[in-house]
Amino acid sequence: MKRLLALALTVAAAPTAAQELIGFHPDRAADQRAIETRADGWIVAEDLISWNRTMTPRPHHAGAPQTEANARWMVERFREWGFEAEIETFHVLFPTPRLRKLTLLEPTRFEASLVEEPAAGDATTEIAVAEGLPPFNAFSADGDVTAELVYVNRGVPADYEVLKRLGIDVAGKIVIARYGGSWRGIKPKVAFEHGAVGCLIFNDPGDDGYSEGAAYPEGSFKHASAVQRGSVLDLPVRPGDPLTPMRGAVEGAERLDRGEAETLMRIPVLPIAWRDAQPLLEALAGEVAPEDWRGGLPITYRIGPGPARVRLQLEFDWDLVPAHNVIARLTGSDRPDQWILRGNHHDAWVIGGRDPISGLVGLLAEARAVGWLAREGHPPRRTIVYAAWDAEEPGLLGSTEWAEHHAGALREHAAAYINSDSNSRGFLRAGGSHALETLVNQVAGEVEDPQTGVSVGERLRASRKVHGSSAVYERLQASDRLRISALGSGSDYSPFLQHLGVSSLNVSYGGESSGGEYHTAFDTFDFYRRFVDPGAVYGAALARTGLRLVLRLANADVLPFEFGATAATVGRYVDEVVELAANERSRLEREAELAQSGAFRLAADPTRPFVEPEAQEPAPYLNFAPLKNAHDRLARAARAADQSLVAAAGGGDEAVQVQLDELIVGSERLLTRDHGLPGRPWFRHHLYSPGLYTGYGVKTLPGVREAIEQGDWEQAQTQIDIAAQVLDEYAEQLKRMARATVSREP
């Protein structure tokens with residue numbers, strides 16, 4: 001496989017003609033590339049290493065003294081580099097643990113330690129354990145519950161379907177789930193919906209422990225005491241401060257009572273290390289777990305319930321803490337009312353050498369270069385705003401409160417938001433609004449990969465050809481174009497894209513630094529320099545990537561969007577939901593036939609009670625014609641709009657360019673609706689959203705897709721009609737772009 005990848009890289013490295021820059025007049029493209037090349041020389045990997053060390057001497061979670069110190073240090077740096085910079089503080093709910101206790105009562109007694117042990121040779125881990133927050137799940141409920149234990153695998157809805165077929169009910173029980181398969185907050189959410197009274201989540205060594213490689217500090221994987229912290233706020237319903245929905249959590253803001261907050265978890269939840277989980281799992285009897293439920297522990301995985309009986313005790317201090325957002329502004333020379341926003345969070349669960357500082361130092365290097373260019377006489381044409389968000393880890397609190405507080409100004413001025421988070425060595429990763437896909441492809445073709453010397457785009461293309469499906473290989477043989485992914489949730493782009501309708505990107509590098517440090521006390525500077533990004537070369541690559549994305553958005557004659565990519569992507573999404581509906585109908589028909597024939601009864605384990613499948617009405621045929629017709633109109637409008645944008649960028653009529661910019665800025669807004677998605681009005685985007693039961697994972701055409709998955713056929717038809725209306729309004733905006741150029745012709 002390595003030889004194949006080398007061959008693909010050799011082929012990919014063949015010289016190609018330079019493309020004209022999207023959005024730029026041809027006469028300005030060379031100057032733009034020249035200032036980018038000059039700025040590249042100011043991005044120095046040793047500076048990124050130094051800044052990471054400076055920001056990670058001790059824990060800097062939301063509300064910690066080091067967090068405010070880091071914010072003030074960054075403000076000083078931004079001002080040195082020529083930005084107007086300030087700290088904008090919000091006051092957000094952030095519960096921290098007062099009591100954590102877990103006891104196995106039967107059939108034997110065991111007291112879980114719930115403590116991480118410092119790693120030999122990494123002195124920062126001693127500080128992390130002594131001063132940092134202990135392993136816990138933020139926004140868990142307080143509770144003192146005692147019950148039988150049930151193992152639920154990953155704890156996702158499909159696992160409860162297996163339990164149902166086995167006749168196992170978790171009502172009144174405490175469940176234990178292993179990390180993975182979905183975002184952590186889904187596990188207690190689904191457990192609560194099935195009647196469980198408590199939830200434990202453990203890191204299985206088969207996922208990121210000794211089964212995968214040597215434990216830290218000898219290697220990068222989790223050792224026996226390591227625990228992944230994390231929030232269990234109901235992010236798929238709404239991120240941000242639970243007490244101030246739809247408004248910024250400023251001092252004196254009107255706040256809900258805690259009992260009214262719909263995003264708080266309703267049962268106690270606790271993450272534990274595998275060494276604390278093993279005695280609990282060993283005490284379970286009952287059904288042997290299915291093969292794909294078994295992990296890396298040297299035990300027989302059983303489901304229960306019981307005879308293991310446990311007591312879980314949790315108490316929290318439900319305090320408001322300051323979230324210090326750093327906001328730095330460089331006013332544009334020509335179109336200051338159009339804002340290009342760029343962000344990365346700065347808070348961590350403990351030390352955070354990788355998450356998030358590995359990405360933040362790339363942003364800082366990029367911002368310094370942008371500031372120095374302005375001092376040399378190359379200010380951005382549009383205003384650039386850099387942000388270092390606080391309180392991201394508990395639930396995107398800092399960015400969401402800022403976006404909600406400034407919603408009016410952002411709807412008027414924000415042209416694009418570019419996000420990053422953790423970063424490591426490996427391949428370019430990019431997702432976001434598909435109208436920015438061409439921009440990403442052009443930038444990927446001009447940033448050099450530190451390991452191979454070819455562009456990061458060429459390296460990614462070669463990897464996808466070697467490791468992807470035959471369909472991916474054939475597509476890339478026919479076209480060099482790299483597709484960017486759709487965005488779900490889990491980082492600070494969410495309030496901009498999915499709430500306010502600001503065109504957004506999320507960019508990073510990764511894929512070659514697997515480990516087990518995530519959200520543990522062992523994500524330190526030493527871990528970062530040894531295992532994440534030795535030499536900070538991919539942090540520098542991120543800086544050069546972000547630099548080009550930001551500067552091209554800021555300096556283009558016409559904002560560098562291309563809507564043909566959006567139309568093509570929407571076409572794939574429409575095909576997917578049509579196929580999903582057909583598959584669901586077929587599945588229900590098969591299940592009805594099997595139930596009628598008695599096949600379920602024959603397949604059941606005779607030693608267990610048989611659970612008769614519920615009778616379901618056959619799925620109706622949905623009318624997808626409105627959605628298909630809307631997509632056809634969108635495709636035609638996109639072709640005309642893209643021709644208009646190319647002509648305007650090359651034509652030099654600034655009045656037309658400004659008019660087109662305004663239409664482009666407003667286009668993503670038209671993919672949103674004020675009423676939001678069913679049951680979750682905060683999420684307004686009808687093309688991209690996190691799934692209600694995937695957490696971070698994206699659902700495209702979410703209203704339609706989730707209604708089909710839930711078997712709500714009336715809702716599915718309603719959402720098809722809404723999605724068609726959304727696409728039609730979007731297409732009308734693209735038609736206005738086409739008319740903008742035509743109407744100015746002599």
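**Close-up views of a predicted model**

Figure 1. His345 belongs to strand β10, which covers residues 335-345. The coordinates shown here and in the following views come from a predicted model. His345 has a relative accessibility of 0% and therefore counts as buried. Its side chain reaches the backbone oxygen of Asp347 at 2.9 Å. A polar contact of 3.0 Å also joins the His345 side chain to that of Asp421. Beyond residues up to four places away in sequence, His345 touches Asp355, Pro356, Leu360, Trp389, Glu392, Glu393, Asp421 and Asp492.

**Figure 2. Lys173 in the loop between α6 and β5.** Lys173 is located in the loop that connects α6 (157-165) with β5 (174-178). With a relative accessible area of 16%, Lys173 is buried, since the limit for that class is under 20%. Leaving aside neighbours within four places in sequence, the residues in contact with Lys173 are Ala147, Glu148, Val150, Ala196, Val197, Gly198 and Pro305. The C-alpha atoms of Lys173 and Leu687 are 38 Å apart in space, and the two residues are 514 residues apart in sequence.

**Figure 3. Packing of helix α4 with helix α10.** Helix α4 comprises residues 65-80 and helix α10 residues 357-375; their axes come within 9 Å and cross at roughly 25°. The two helices α4 and α10 are therefore roughly parallel to each other, because angles under 35 degrees fall in that class. On the α4 side, the residues that meet α10 are Trp73, Met74, Phe78, Arg79 and Glu80, and their counterparts in α10 are Leu360, Leu363, Leu364, Ala367 and Arg375. By class, this contact of α4 with α10 has seven nonpolar, three charged and no polar residues. Leu360 of α10, which takes part in this contact, is also among the residues touched by His345.

**Figure 4. Salt bridge between Asp557 and Arg28.** The structure holds 41 salt bridges. In one of them, the side chains of Asp557 and Arg28 meet with an N to O distance of 3.0 Å. This pair links distant parts of the chain, 529 residues apart: Asp557 is in the loop between α18 (537-555) and α19 (564-597), and Arg28 is in helix α2 (residues 26-40). Asp557 is buried at a relative accessible area of 6%, whereas Arg28 is partly exposed at 27%.

**Figure 5. Salt bridge between Asp317 and Arg98.** The closest N and O atoms of this salt bridge are 2.6 Å apart. Asp317 lies in strand β9 (residues 309-330) and Arg98 in strand β1 (residues 84-106), so the pair ties together parts that are 219 residues apart in sequence. Asp317 is partly exposed, with a relative accessible area of 26%, while Arg98 is exposed, with 52%.

**Figure 6. Salt bridge between Arg529 and Asp526 in helix α17.** Arg529 and Asp526 form a salt bridge in which the closest N and O atoms are 3.1 Å apart. Both residues lie in helix α17 (residues 525-532), and because they are three residues apart, about one helical turn separates them. Arg529 counts as partly exposed at 43% relative accessibility, and Asp526 counts as buried at 18%.

**Figure 7. A network of salt bridges.** Side chains of opposite charge can pair when their charged atoms come close. In this view, salt bridges link Arg33, Glu36, Asp40, Glu446, Arg544, Arg548 and Arg552 in a network.

Note on methods:
Residues numbered from 1 in each chain as written. Predicted model: local features only at pLDDT ≥ 70, side-chain atom pairs only at ≥ 80, totals over all residues. Heavy atoms only, no water. Helix = DSSP H or I, 4+ residues; strand = E, 2+ residues; numbered from the N terminus. Buried < 20%, exposed > 50% of the residue type's maximum accessible area, 1.4 Å probe, protein only. Polar contact = N/O pair within 3.5 Å; in protein donor to acceptor, adjacent residues only side chain to side chain. Contact = heavy atoms within 4.5 Å. Axes fitted to C-alpha atoms, helices over the stretch in contact; angles between N-to-C directions. Parallel < 35°, antiparallel > 145°, perpendicular 65-115°, else oblique. Nonpolar A, V, L, I, M, F, W, Y, C, P; charged D, E, K, R; others polar. Salt bridge = Lys/Arg side-chain N within 4 Å of Asp/Glu carboxyl O.
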